[in-house]
Amino acid sequence: MLSVSNLHVAVGGTEILKGLSLEIPAGEVHAVMGPNGAGKSTLSYTLAGRQGYEVTSGSASLNGEDLLAMAANERAAKGLFLSFQYPLEIPGVPSLTFIRTALNAQRKARGEDEIGAPAFLKLAREQAAKLKIEFDMLKRPLNVGFSGGEKKRMEIFQMAMLSPQFLILDETDSGLDIDALRIVSEGVNALRSPERGMLVITHYQRLLDYIKPDRVHVLAGGKIVASGGPELALELEDTGYDRFAQAAA
Amino acid sequence: MSVSEALKSRDASLLPSRRDEAWRYTDLRAAVRTIPEPSPLGTVPAAPGPFAAIKADRALVIINGRGPEVLSLDTGQVLCVELRLVADSHATSHQSDLRIDLASGAHLTLLESHEGRGAAYLSSANLIVHLAEGASLERVVILDEPSDAVSVITADITLSPGASLKQTVLTRGASRQRFETQVTHPGGGASVRLDGVYMLADKCHTDLTTIVTHVGPGGTTDQLTKGAVRDASRAVFQGQIQVQPGADQTDARMGHHALILSDRAEIDAKPELEIFADDVSCAHGNTVGALDEDALFYICSRGVPLDQARAMLVQAFGLEVIGRIETEAVREVAQAWLAEVGAGGSDGL
C-alpha cells in the first residue's frame with residue numbers, strides 16, 4: 001500500500017527528512033512517534049503534496065503509483081487523506097458544500113459519476129450521527145468558529161465522507177479532551193478495514209490507547225531509528241525520546 | 001472638470017484627468033481622446049436584466065440616456081423597483097439623469113443595473129437622491145459593462161434625520177469605470193451602509209469612490225468594500241469620511257480589503273478620515289494581500305484542483321460583503337453574480 005523509501009526532504013534549503021523508509025501494507029495501522037522537530041509534520045505534508053517541501057531524493061508510492069509526481073488534489077483522488085493537526089477555517093463555504101465539491105472533484109478525477117444531492121445528504125446524515133455532529137453545524141462555513149474538538153471531528157467526518165484508501169492522522173490528539181478523543185478515535189477505528197492503511201503521527205502514547213497500532217516507528221533526526229510492536233510506544237512513554245535522539249545524531 | 005460638461009460641450013479637454021486630485025487614479029482624458037458621437041435611440045434589450053429573478057413592483061428602463069427622469073415615492077410607500085440603464089451603443093456617447101425622491105417613511109428597494117450591450121461607448125449616469133425623514137433606501141447595483149467601455153456613474157444622496165441608506169455595488173470593471181457615491185449625512189439617528197465588491201480581470205479598471213459628509217450629530221456610517229484583481233487589472237478605492245464641526249457622536253467605520261492575484265495587477269487605495277468634531281468614533285482598515293497558501297493546500301488536499309480552490313477562496317472573500325444584503329432574494333442574486341464572476345478566468349481563477 002504505502003511505500004516510502006530513503007526519502008530526503010528539504011524545507012527552505014534545510015534538510016529535514018534524511019533517508020526515511022516506511023512500508024505500510026493494506027489493513028495495517030502504523031504509528032510514527034517522535035520528539036518535536038523530528039520531521040513528523042514534514043513527513044505528512046510531503047506525502048500529501050504541499051508546496052515548499054522539496055524532495056531531494058527517495059521515493060513514495062501508494063499502491064505502486066508514484067505519489068511525488070502528483071499534485072495534492074491528484075493524490076487525494078488516488079485515495080490519500082491527511083487529517084490536519086490544525087485544520088484551516090474556510091469562511092464563506094458551508095461544510096457540506098465543501099465536502100461535496102471535494103468528493104465530486106475526486107470522483108471526476110477517477111472517471112466516476114458525480115454523487116447526487118439526495119444520496120450525498122443521506123450519507124452525511126448517517127456519518128454525522130456517528131460522530132455526534134449536529135447536522136446544523138454542517139451548514140456553517142467549514143471550521144469557522146469551531147472549537148478544537150469540533151474541528152478534529154470535522155476532519156474525521158470528511159474522512160468518512162470521502163472514504164479514502166490511506167489515512168494520515170497528523171497529531172490528531174492535540175487539543176482534544178478525553179471525551180473528544182474517544183469520539184474521534186471511534187470514528188477512526190470505524191474506518192479500519194483490510195483494504196485500508198493508516199499512518200498515525202503522534203507525540204504522545206495516549207492516542208494509541210484508543211487507536212491501537214499494528215506497528216510503532218520512532219522518528220528522530222529525520223529518519224526511522226527504531227521499529228517494533230505496540231509495546232514500543234509504552235516503552236517510549238517510560239524512557240522518553242532521548243536515547244533515540246542521540247542515536248540519530 | 002466633469003464628465004457631464006465634457007459630454008454636453010463635446011469637449012474632451014473638459015474630462016477629468018490625473019491632474020485632478022480626485023481623479024488621479026482614473027485618468028479619463030488619457031482614455032478618451034475625442035468625445036464620441038451621441039448615441040442613437042437604441043432598442044429595449046431582449047435579454048432580461050440581472051435582477052430579473054426578483055419580482056419588482058415596477059421596472060424602469062433607461063436606454064442610451066433616454067427614459068424616465070424622476071422616481072418619487074409617497075409618504076410611507078413601499079416599493080421595489082428594477083432600474084436598468086442600458087447602453088445600446090457602439091462607439092457613441094450619452095448621459096442619463098435620474099432624480100429619486102423618497103417622502104417620509106417611504107421604503108425603496110432599488111435593483112439597479114448598468115448593462116453594456118454595445119462596445120467602446122462613453123456613458124455618464126447621474127442620480128440625485130433625496131430621502132425625507134425616516135425614509136429608507138436599499139440600493140443594490142450590478143455593473144455589467146464591456147471591457148472597452150468608459151463609464152462614470154455618480155449618485156448624490158442627501159439623507160434626513162432618521163433615514164437609512166444601504167448600498168451594495170458589484171462590479172467587474174470596464175476600460176475605465178468610476179462609481180462614485182456622495183452622501184450628505186445629517187446624523188440624528190440616520191444610518192448609512194456603503195458596500196462594494198469588485199472582481200477584475202484582464203485590463204479592466206474600476207474606481208469606487210465614496211464621500212460621506214457628516215453634518216449633524218449622532219450619525220452612523222459603516223463601509224465595507226472587498227475585491228480581487230488578477231491579470232493586469234486595476235482597482236481604485238477612495239473612501240472619504242468627513243465629520244464636520246458639530247457632528248459629535250458620529251460613529252463611522254470603513255474597511256477596504258483586497259486580494260492581488262497577479263504581479264501585474266494593481267490596487268490603489270486612499271482611505272481618508274477628516275474629523276473636525278469631538279467625541280467621535282471613527283476607524284478605518286485597509287489591507288491588500290494574496291490568497292492564503294495554507295488554506296489553498298488544505299482545500300487541494302481534499303481533492304479539489306488548484307484553480308477551483310483559488311476560485312473558492314476568492315468567492316468566499318467577497319461573500320462577507322454580500323452577506324450584509326438584508327433582503328434574501330437580492331442576496332441570492334448577488335451570490336450568483338459572485339459565483340459566476342469569481343469562477344471564470346484565464347490565469348487559473
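This is a predicted model: local features need pLDDT of at least 70, side-chain atom pairs count only at pLDDT 80 or more; totals for chains, interfaces and linings use all residues.
1. What is chain B built from? You'll find five helices and 18 strands in chain B. Buried residues account for 50% of the 349 residues in the chain.

2. On overall dimensions, the C-alpha trace of chain B spans about 55 × 50 × 45 Å along its principal axes. The radius of gyration of chain B is 20 Å, and because a compact globule of 349 residues would come out near 20 Å, the two agree.

3. Now hop over to chain A and look at two of its helices, H5 (residues 148–162) and H6 (residues 178–190): their axes come within 10 Å and cross at roughly 10°. Angles under 35 degrees count as roughly parallel, so H5(A) is roughly parallel to H6(A).

4. Which residues do the touching there? Gly149(A), Lys152(A), Arg153(A), Ile156(A) and Ala160(A) from H5(A) meet Ala180(A), Ile183(A), Val184(A), Gly187(A) and Val188(A) from H6(A). Sorted by class, that contact has six nonpolar, two polar and two charged residues.

5. Finally, have a look at where the chains meet: 18 residues of chain B are in contact with 20 residues of chain A. On the chain B side, the elements giving two or more residues are helix H3 (293–300) and helix H4 (306–322). H4(B) provides the largest share, seven residues. By class, this side of chain B has eleven nonpolar, four polar and three charged residues.

Conventions
Residues are numbered from 1 along each chain as its sequence is written. Chains are lettered from A and ligands numbered from 1 in the order in which they are written. Helices (H or I, at least four residues) and strands (E, at least two) are DSSP runs, numbered from the N terminus. The radius of gyration is taken over C-alpha atoms; the globule rule is 2.2 Å times the number of residues to the power 0.38. A residue is buried if 20 or more other C-beta atoms lie within 10 Å of its own, exposed if 12 or fewer, and partly exposed in between; C-beta atoms are placed from the backbone. Axes are lines fitted to C-alpha atoms, for helices over the stretch in contact, and angles run from 0 to 180 degrees between N-to-C directions. Angles under 35 degrees count as roughly parallel, over 145 as roughly antiparallel, 65 to 115 as roughly perpendicular and the rest as oblique. Two residues are in contact if their C-beta atoms, placed from the backbone, lie within 7 Å. Ala, Val, Leu, Ile, Met, Phe, Trp, Tyr, Cys and Pro count as nonpolar, Asp, Glu, Lys and Arg as charged, and the others, Gly among them, as polar.
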